[in-house]
Amino acid sequence: MPAFSSPAPTGVQPTNFRFRCIACGDLSDSASQDFRCAHCGDLLEITYPQWKEAKPNAETLKAAWSQRRLSQSPLDVSGVWRFRDLLPSPGTAPHDALQVITLREGNTPLYELPQCARSAGVSRLLAKHQGMNPTGSFKDCGMTVAATFARRAGFRWVACASTGNTSASMAAYAARGGMSSLVLVPEGKISWSKLSQALDYGAVTCQLRIDFDGCLRLLQELVRRAPVYQLNSINPFRLEGQKTLALELLEQLDWNPPDHIIVPGGNLGNSSAIGKALLEMRELGLISRFPKLSVIQAEGANALVRTLRETGGKRLVSVQAETRATAIRIGNPASWKKAAHVLEATRGACEQVSEVEIAQAKAEIGAEGIGCEPASAVTLAGLKKLVKQKFVKPDESVVLVLTGNLLKDPDFTIGFHRGELFKGSADENASAVLDPLRRAPIVLDATLDAVIRTLEQAERS
Ligand code: F0G
């Protein structure tokens, strides 16, 4: 392939980690381009064998992480690399700062949601807002690690299939790291905001006439043929970075685990990463009990819900995905086994929510001055269901993981407030629930009288 004159993809010699197959347990020092086990073809995860002989001390870790907050070094300012003791090391010197591609990701806020708590029926509700990351989604926490390893392995090109956020994040980190990026997205099924990010950060962006699952299939074939490093969440380095969401959350809670963590489920990388972090934190004595980790999907993209209900988590039930929450419009989730495992380990639940429930929950989160994209709002919609089912008790503490920023999908938000979102669909009659939350823009003649009349009307209503 003469067009690609990049150095041979040699892979990185692991320093403090190894790859382990999630099915057969095979351990290896290197991974193939598709990040699948050479023996059985299942997914790989990263493991830290030296923890067996020399387990990091929980109190020493907490003190080091806290101390690093005072430092201005790029590694310490990053909310991901601050937790580098539990991450793979990319350098010859442990966690060599020069090797790392960082946009100062992580460090995301934890907000109280008192009105949403009331509407869901719980006394305390918090939101960990990953939409406050540099490119506006949780993907940045994984991308800083995986992009760093891509460059370390000598790749000139990185690539991903995406419903939008991964491509925005990958394009940004590739640009920062001096690499080129190739994006495969389903045509017409990702928001303009996300597409515009990929373009601005300089990615070669292909809109394919197929869904996300088709884009991912194509990417997996591509990486076997071309020296292109894949940055989807099949890449286990991504999940290591995304683990830090849970570390940072627990640190913000002074290491007192909440009763529940609720996360949206699409390709199921993020739930797997959070679950892996909880398992490791327990192993290292950073926490003494598990929060229950629950995954919420859109009804039209409910592969994990069906997999757990219909096969007990033994076999994937793929679906033809359809939802307005385009970030999670995924029918064949790659990390379903990892997610099923962590749900079982933490005794979490898996639920699905309707399009109307998503729209309502999104508006309620917005009305608290926080805002998120539709895929993130499934968490609040799901919480309401889990409270009704008595899986979540009114006095339990709950953290919702808001995965993407409100500004990621303005078409959805404007369509909702103008009353156009469900026009012509079976959900059109949901106005009794949704109308009180709508704030349509008001077009007026440019007179003071007209503005004052509008103000008075708003005050009366
Ligand atoms: N929320 C948002 C905002 C997302 O962008 C995604 C996934 C998810 C939730 C689901 O996370 O896949 O780890 O279960 N977006 C991917 C993308 C697929 O290409 O941007 P998951």
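**Close-up views of the ligand site and a salt bridge**

**View 1. The residues around the ligand.** Of the 20 residues around the ligand, those that come nearest are Ser 162, Asn 165, Asn 267, Leu 268 and Thr 403; a residue counts as near if one of its heavy atoms lies within 4 Å of the molecule. This is a predicted model, in which local features need pLDDT of at least 70 and side-chain atom pairs count only at pLDDT 80 or more, while totals for chains, interfaces and linings use all residues. Residues are numbered from 1 along each chain as its sequence is written, and side-chain values use heavy atoms, with hydrogens and water left out. The shell holds seven nonpolar, 11 polar and two charged residues, with Gly counted among the polar ones.

View 2. A nitrogen atom of the ligand lies 2.7 Å from an N or O atom in the Thr 403 side chain. The protein covers 99% of the 470 Å² of accessible area that the ligand has on its own (Shrake-Rupley method, 1.4 Å probe).

View 3. Glu 373 and Lys 194 join their side chains in a salt bridge, 2.7 Å from N to O (a Lys or Arg side-chain nitrogen within 4 Å of a carboxyl oxygen of Asp or Glu). Glu 373 sits in the loop between helices H12 (355–366) and H13 (374–388) and Lys 194 in helix H6 (residues 192–200), so the pair ties together parts 179 residues apart in sequence; helices are DSSP runs (H or I) of at least four residues, numbered from the N terminus.

Definitions and conventions:
Polar contact = N/O pair within 3.5 Å; in protein donor to acceptor, adjacent residues only side chain to side chain. Helix = DSSP H or I, 4+ residues; strand = E, 2+ residues; numbered from the N terminus.
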